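Visitor: I'm new to protein structures and would like to learn how to read one. Could you take me through a few features?

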Amino acid sequence: FHLYPKYNVLLTTNKEMGFGMPVFEAACHGTTFIVPKGSGVCPFFKNKVDGHFFEENNIKDISKYLGILTTNKKLAKQMGLSAYKKASSYTWQKHVNKILSVINY
């Protein structure tokens, strides 16, 4: 986990139908990401604001986004900060409270 802040971007090339914890962990450390559309974490983030979403197996888009985020460090940091703000708003306490509100309904 200590590696995320050292890098501009995390690339996930396969669609994670589950939650997609590596992307969420990267965001919690202020690192932006490139992830296939439809991955489990996509609903938590905004495309081209927090990270880049691409059609699975679209190597052209992967290359394009990697080029952008590895050469434009300012943009990568800006996107990572945006992702961080969203990811850090989710806490276990908030999650538990949400579950309790449904149970106690």
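Predicted model: local features only at pLDDT ≥ 70, side-chain atom pairs only at ≥ 80, totals over all residues.

Visitor: Let's start with helix packing. At what angle do the axes of helix 1 and helix 3 cross?

Guide: The general idea first: a pair of packed helices is described by the angle between their axes and by the distance between those axes. Here, the axes of helix 1 (residues 21-28) and helix 3 (residues 73-87) cross at roughly 105° and come within 7 Å. Angles from 65 to 115 degrees count as roughly perpendicular, so helix 1 and helix 3 are roughly perpendicular to each other. On the helix 1 side, the contact is made by Phe24, Ala27 and Cys28, and helix 3 brings Gly80, Ala83, Tyr84 and Ala87. Sorted by class, this contact has six nonpolar residues, one polar and no charged ones.

Visitor: Okay, on to helix 2. Which residues of helix 2 are buried?

Guide: In helix 2, the buried residues are Asp61, Ile62, Tyr65 and Leu69. They cover an arc of only 100° around the axis, so they sit on the same side of helix 2. Ile59, Lys60 and Thr71 are exposed on the other side.

Visitor: And what do the buried residues of helix 2 pack against?

Guide: They pack against strand 1 (9-11), strand 2, strand 3 and helix 3. You can check the length of helix 2 too: at 1.5 Å a residue, its 13 residues should span 18 Å, and the end C-alpha atoms are 18 Å apart, which agrees.

Visitor: Now a strand residue. Is Phe53 buried or exposed?

Guide: The cut-off for buried is under 20% relative accessible area. Phe53 has 10% relative accessibility, so Phe53 counts as buried. Phe53 lies in strand 3 (residues 52-54). Beyond its neighbours within four places in sequence, Phe53 is in contact with several residues, including Phe33, Val35, Cys42 and Tyr65. Remember that Tyr65 is one of the buried residues of helix 2.

Visitor: Last one, backbone angles. What is phi of Lys48 near?

Guide: Phi of Lys48 is near 65°, a positive value in a residue other than glycine. Lys48 is in the loop between strand 2 (32-36) and strand 3, and is exposed, with a relative accessible area of 51%. Asn57 also has a positive phi, near 70°. Look for Asn57 in the loop between strand 3 and helix 2 (59-71); it is exposed at 67% relative accessible area.

Key. Residues numbered from 1 in each chain as written. Heavy atoms only, no water. Helix = DSSP H or I, 4+ residues; strand = E, 2+ residues; numbered from the N terminus. Buried < 20%, exposed > 50% of the residue type's maximum accessible area, 1.4 Å probe, protein only. Contact = heavy atoms within 4.5 Å. Axes fitted to C-alpha atoms, helices over the stretch in contact; angles between N-to-C directions. Parallel < 35°, antiparallel > 145°, perpendicular 65-115°, else oblique. Nonpolar A, V, L, I, M, F, W, Y, C, P; charged D, E, K, R; others polar. Expected span 1.5 Å × (residues − 1). Arc of directions from axis to C-beta.
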